[in-house]
Amino acid sequence: MPSLFVENHTQGLAFYINGDLQFDTADEAIYHEHLVVPAIALTIQRFPNQPLRILVCGGGDGLAVRDILRFPQVGEVTLVDYDPDVVELGRTVFAPYNLGSLLEEPNTALGENRVTVHTHEAFEFVSALPNRCYHAVICDFTFPTSPEATCVYSLEWFQQLQRILDSGGVIATNGVSPERNTTGFWCLYQTLLAAQLCAKPMKVKIASFERHDYGEWGFFLASKSPILRSELEAIVLPNHLQEMSSDWRSTFRFSSEIASDRHSVSVHTLDH
């Protein structure tokens, strides 16, 4: 089992897995809001007047779920995380920061609970799901440090996600740093494209990540349907966000130096 460590400090706490920072409460909202909010807001545009079904893979700390539940259009959230200890922290130590998003009681800060939690390996869980059963999938995984851990960044993984999404459904996934791991970042981009997904790369600065020399952090917004500029410009942000602001679309801008590598990498599959 991985080694979990919670470090308390004056601004809250920092959480580490195997010595690698996962989040610091001082600025975790930068990461989680940019991962979640564009994807859910775009999904709302595409499925108006429908109670949305959202799948979260990873994210056992409950912070991504917190930001999903800011949208009243979300009808149900399924979270699948393989580590029961992280989920337990999400229900206890992290509850003041995730606003009780993983608690079963209906009187949490987010209102009536809409979340079901499964302790399971994500690839196996998703492979057993029926077709077109979710409107959006949020992937909030730890940074892969072994070949086995990269399966949820593979072509086969994204093909499974496309299968379980309703037509026009949206995927948001964390990536790696386009600044520190440029090849890995664009490999993920090409893998999304190979899965017949339209992919929009994003990046944000997170002070706690930069203090650990992780560099700017990357994400991808993806869908089988083209993601239009007009859709992104029409996105309405929910109230009470901590970090994301009206200029959030600047996250799509990359320097020519970093962007020039995007076509010179291989696709990642389970076999290669």
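Q: How many helices and strands are in the chain?
A: The chain has ten helices and ten strands, taken as DSSP runs (H or I, at least four residues, for helices; E, at least two, for strands) and numbered from the N terminus.

Q: And how compact is the chain?
A: Its radius of gyration is 17 Å, close to the 19 Å that the globule rule gives for 272 residues, so the chain is as compact as a globular protein of that length. The radius is taken over C-alpha atoms, and the rule is 2.2 Å times the number of residues to the power 0.38.

Q: Before I go on, what kind of model is this?
A: A predicted one: local features need pLDDT of at least 70, side-chain atom pairs count only at pLDDT 80 or more, and totals for chains, interfaces and linings use all residues. Residues are numbered from 1 along each chain as its sequence is written, and side-chain values use heavy atoms, with hydrogens and water left out.

Q: What share of the residues is buried?
A: Of the 272 residues, 55% count as buried, meaning under 20% relative accessible area (1.4 Å probe, protein chains only).

Q: Switching to strand S4, is it enclosed or open, and why?
A: S4 (residues 52-58) is largely enclosed by the rest of the structure, because six of its seven residues are buried.

Q: Which strand does S4 pair with?
A: S4 pairs with strand S5 (residues 74-81) in the parallel sense over six bridges; pairing needs at least two DSSP bridges.

Q: What's the bridge partner of arginine 53 in S5?
A: That's glutamate 76.

Key. Buried means under 20% relative accessible area, exposed over 50%, partly exposed in between (1.4 Å probe, protein chains only).
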